[in-house]
Amino acid sequence: MSGQDAPAEEPRSRVSVARWAADLAMGGRFAVTGGRESWARTIMTAVGVGLGVALLLLASSVPTMYQQRNERGDARSSFTPSGEVKPGADTLRLANAGTTFRDQDITGEVMAPDGDGTPPVPPGIDRIPAAGEMWVSPALKKLLDSDEGKLLRDRFPYRTIGVIGDSGLSGPSDLAYYAGVSQKAFGHVNSSYHIDHWGLADKKGANEPLDPALLLLIIVGCVVLLLPVLIFIATAARFGGERRDRRLAALRLVGADIHMTRRIAAGESLFGSLLGLAVGAGLFLLAREIIGSIQVWGISFFTSDIVPSALLALVIAAAVPASAVMVTLIALRGIAIEPLGVVRNAKPKRRRLWWRLLLPLLGLALLLPLAGGFGTGSSGGNMKAYQAAAGAVLLLIGITALLPWVVEAVVERFGGRGSVPWQLATRRLQLSSGTASRAVSGITVAVAGAIALQMLFASVGAQNTEDTGQDPNRAQLIANVPVNDGDQARDAFARYRATKGVRDLLGVTEDYISDVRPSKDDPTSVPEEAITVADCPTLREVVRITSCKNGDVFLVDSSSYYGEEPGFAKPGARVNFAYRDDGTPDLRKKKLWTIPQSATKVKPRPDPTGSERTGIFATPGAFDIADLPDPGAAAMIRLDPKVPDGVEYVRNTSAALSPAMDVMRLSSTSQSDEFQVIRKALFIGATATLLLIGASMIVTTLEQLRERKRLLSVLVAFGTRRTTLSWSVLWQTAVPVVLGLALSIAGGLALGVMLLKMVGQPLAVDWAGLGTMTGVGGGVILLVTLVSLPPLWRMMRPEGLRTE
Amino acid sequence: MSIGHTLLGLLEGGPRHGYDLKRAFDERFGHDRPLHYGQVYSTMSRLLKNGLVEVDGIEHGGGPERKRYAITDAGITDVEHWLTQPEKPEPYLQSVLYTKVIIALLTGRDAADLLDVQRAEHLRLMRDLTQRKRGGDLTDQLICDHALFHLEADLRWLELTAARLGQLAKAVRS
Amino acid sequence: MTPAGSLLIATSLHKTYGHTPALDSADFSIHPGEVVAVMGPSGSGKSTLLHCLAGIVKPDSGSVHYNGRELTAMSDAERSGLRRGEFGFVFQFGQLVPELSCVENVALPLRLNGTKRKEAETRAAAWMERLEVADVAHKRPGEVSGGQGQRVAVARSLVTAPRVLFADEPTGALDSLNGERVMELLTEAARESRTAVVLVTHEARVAAYSDREVVVRDGKARDMAGAR
């Protein structure tokens with residue numbers, strides 16, 4: 001049947017470049033002029049490839065985005081690594097005055113020049129704000145001007161004099177301000193410092209080689225997110241393949257040989273993918289605009305920062321069309337395009353298992369030797385990183401390669417049992433499981449990788465997630481009020497109590513007292529002990545006492561906790577509360593107080609913040625807080641859950657008390673922010689990939705439905721219910737996706753375990769992450785089915801019977 | 001095929017001389033076998049005898065005497081009956097059917113009707129043959145099939161003619 | 001026309017697709033156990049008549065009565081149910097589900113009606129036996145010849161013991177020998193179970209298996225038995 005096509009009779013070397021070009025060009029022409037059908041095919045491919053290309057371009061822009069953002073971040077940093085700056089004529093006194101409004105973090109600095117010279121001006125603004133003035137970022141200005149920000153306005157008792165320019169912001173949605181205050185205001189600030197310039201002059205950190213473990217994460221992350229995109233592009237290049245094959249068969253009839261048809265097909269997909277590049281560039285520009293106008297987790301990017309790296313862009317422009325052509329040629333190998341039609345190689349060969357197993361095994365083999373430990377900074381760290389990355393990539397690709405075999409093997413076992421839709425779906429899969437597996441393979445990589453990385457992050461995060469010991473049931477907020485004396489503390493508590501939304505307040509005033517003589521062991525130091533003054537209800541929250549009345553004093557011996565010699569604070573002992581300005585006890589001008597004989601020894605109780613206090617606990621009747629030299633006041637606040645925005649009112653009160661004070665929210669656990677962000681990013685990335693795969697599944701499903709238009713009409717003729725066929729579409733999508741998810745969970749867990757072993761973390765499975773990924777997988781199944789339903793129903797109309 | 005009915009049908013359009021009749025007949029139906037004048041003469045005498053035509057007038061001239069014939073009411077009825085009666089389906093019917101179709105068209109009758117009736121007749125015979133075939137042995141089947149295929153060919157011709165009636169009517173009336 | 005005692009009666013059906021009238025006041029009736037051939041040139045409205053009679057397509061006007069119930073007034077679901085339970089269908093081609101085996105294809109209408117798989121396939125096998133295609137039961141439609149495939153389709157149309165069988169050019173894709181055999185088996189089985197058969201065909205030899213014929217021309221149906 002194909003004698004004339006034997007290679008011996010048509011030496012390939014004789015096929016000149018000109019022929020190639022001519023055939024490719026012909027294919028390109030077919031892509032445009034082949035009527036509605038080929039247009040539709042070309043557009044589908046172009047859009048599919050375009051989506052992939054846009055994602056690739058975005059990914060290739062990440063280095064630039066990251067770099068630009070960091071540079072501007074560094075430029076406005078007030079961190080001085082070289083040490084403390086002494087105040088001078090040209091220095092600026094600063095205090096961090098960041099705050100939080102609802103869920104949004106606002107960065108801010110309050111500042112005052114130290115002298116009459118020229119203090120450094122932060123990037124993005126023209127001059128240092130005078131006391132009572134402030135510069136705000138555009139996003140903060142917008143928030144303050146909006147109704148939503150009404151409550152926030154009270155927090156900033158400054159006049160806005162201008163808007164911070166882009167050079168002073170990381171991204172367009174940064175909420176930031178610079179406010180000028182008087183030097184005197186710093187007296188109400190917990191901590192302040194002086195600077196003589198803005199920005200990190202010293203950028204040594206930037207050129208340091210990446211931590212091998214981080215490199216590993218980045219490589220695996222890229223594979224996880226980009227491999228599915230590549231798979232998607234490959235799938236897109238095959239869109240509408242069956243119709244194209246029939247068209248090529250017609251060309252064979254008028255005399256084209258097999259090689260020519262291949263070249264023509266290659267030309268068609270080359271054209272489609274080139275168009276896809278253009279579409280991708282367009283989508284990228286569009287996405288750029290969109291990204292510039294949104295923010296995720298408080299991070300936003302300037303459109304001008306989103307520029308693909310030139311080298312990567314070149315690689316994309318070359319690799320995408322090349323791989324589209326390759327995919328087409330590979331797909332054509334499985335079929336013979338004969339003049340009278342397309343012959344699929346009679347029985348598709350049974351998929352072989354050995355090489356599919358080889359890939360993941362090879363990956364495991366590369367990973368196992370590293371399981372002992374990794375990233376310990378030993379020599380050859382980079383080599384190990386590459387070995388690990390190669391292992392991980394092989395494992396992930398291996399899972400993908402394994403999928404078609406698994407789908408085939410499992411589907412083979414369905415003996416046509418079950419309901420009619422199930423039967424239709426499984427039989428369909430038995431006949432051509434390849435199409436389904438191809439679409440799902442992208443899911444497999446994405447989910448497996450996401451699971452592995454989630455495990456890694458969850459475990460690392462779990463270490464950073466500490467049980468804070470805080471008890472949000474007892475108090476939700478804690479404010480450490482800078483006060484100069486006990487009166488101010490009392491005043492601050494009163495103002496918090498009067499704040500809207502505050503139901504209850506535990507106010508403690510703390511300070512230190514000292515022994516009246518220096519330590520016996522070290523004559524240069526004087527033993528000290530903490531003193532906490534609070535009313536009886538508050539004391540009950542911090543020490544275990546049964547009875548309490550005003551005038552009582554309690555003692556918690558810290559020595560039993562620290563294993564030191566018994567302290568000096570005993571009932572009847574005299575203590576000193578005079579301190580010098582530098583914070584050391586002043587034994588020359590002692591102020592004395594005698595601990596009453598009635599003072600009882602008690603055990604401490606963790607306060608709402610989870611810390612146990614020791615020392616002397618006095619009621620106001622026993623010790624007058626006005627006597628305290630440099631007290632600290634802590635207000636533990638219980639909010640009225642019925643008042644919305646109670647936190648914001650408390651924060652406003654805080655801001656009025658001190659320009660640079662924020663309140664802390666109590667929660668039973670704390671987790672470092674980065675891990676949250678990375679996990680969310682992973683989740684979003686994996687979801688996006690799943691959606692992309694879903695899109696290509698929709699296209700394949702619709703294509704398949706269109707091919708069977710007539711059959712659908714016949715089924716309708718003999719009374720098949722819509723639901724029957726709808727369910728069959730659902731099962732047809734669900735079986736491969738479920739298998740793919742199962743495989744990727746297994747592979748992801750394996751890879752996750754390896755990664756954990758490598759970084760020496762205890763094994764822990766992130767069930768929540770697994771659950772979410774499974775849920776998203778299920779969502780994709782539903783989505784594909786739902787989107788396929790309207791066309792399915794449209795095709796189920798009897799008009800299909802007439803088209804002959 | 002019935003020359004008598006054909007000539008009668010031709011006369012329905014108006015009285016004609018015997019020679020005119022021959023010419024009209026040859027023009028329409030006698031492509032390979034022109035009618036002998038003797039045939040016309042004998043047929044007309046038979047029709048005259050049966051009262052289906054009458055002599056409208058005689059012309060005397062240089063040549064032989066020329067009778068002009070006209071159709072009688074009985075003659076019209078006879079044509080009508082002939083046209084509506086389906087032919088017994090048998091091989092090589094088309095010349096008769098063709099004649100009938102042309103006559104029907106010429107005399108303004110419904111030719112489609114004629115064809116439908118004929119088809120029904122054909123089908124009835126085909127049904128009988130099919131029935132016989134199902135009951136019979138291989139010989140019967142082969143014989144029946146032979147007949148069936150011939151009848152089918154006729155039927156196909158009928159279909160084709162039915163599809164071209166409009167065209168034919170135009171050609172006939174021009 | 002003899003509507004009395006008819007199983008399926010259609011009166012003055014009109015149906016227009018776009019601007020082309022497919023049916024223009026067409027009448028039809030069929031008795032239980034009767035085989036009626038619907039003939040006529042291509043595009044005359046034969047298939048549209050069949051689709052209207054089977055409740056696949058709703059006519060623009062006119063009515064179809066089946067067994068005393070008005071088909072044209074039923075909901076889509078009711079008509080679908082009727083087609084599943086009481087009607088059978090054979091088409092010219094492309095009617096077998098390619099991924100199901102032949103016996104599963106034959107069992108499909110029963111299963112759509114809720115019959116258990118085992119029983120459905122047993123009954124399907126019996127019908128395949130009868131139509132002389134028992135040997136291809138476990139092959140897929142793509143692996144059997146056209147004649148075998150069409151017999152499988154006939155078996156499928158009869159497996160539910162329908163009251164009316166709609167056959168649209170059932171032998172159109174077959175050679176005469178295969179076509180005749182399929183018609184023989186089809187009409188024999190239908191007559192035995194008193195199934196009425198609406199047989200759309202343009203082939204006289206296929207129509208010769210009918211009891212009478214109806215000719216559709218220009219969207220009008222003409223009962224030739226009545227015309228004689």
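First, the term: on a 1 Å grid over the protein atoms alone, I take a cavity to be a set of points where a 1.4 Å probe fits but cannot get out. Grid points are joined across faces, edges and corners, and a volume is the space filled by probe spheres set on the points. Background: this is a predicted model, where local features need pLDDT of at least 70, side-chain atom pairs count only at pLDDT 80 or more, and totals for chains, interfaces and linings use all residues. Residues are numbered from 1 along each chain as its sequence is written, chains are lettered from A and ligands numbered from 1 in the order in which they are written, and side-chain values use heavy atoms, with hydrogens and water left out.

Entry 1. I counted eight cavities of 30 Å³ or more.

Entry 2. I looked up the largest cavity, and its space is about 170 Å³. It is lined by 14 residues (an atom within 4 Å of a point), and closest to the centre sit A:Thr435, A:Ala436, A:Thr701, A:Gln704 and A:Gln732. In chain A, H11 (420-431), H12 (433-464), H17 (673-707) and H19 (722-758) give two or more lining residues each; helices here are DSSP runs (H or I, at least four residues), numbered from the N terminus.

Entry 3. The second largest cavity holds about 130 Å³. Of its 15 lining residues, A:Arg708, A:Leu712, A:Leu725, A:Ser728 and C:Glu99 are the closest to its centre. Which helix gives the largest share of this lining? That's H19(A), with four residues.

Terms used: 1 Å grid on protein atoms, 1.4 Å probe; cavity = no way out; pocket = protein on both sides within 12 Å on 5 of 7 lines; lining within 4 Å.
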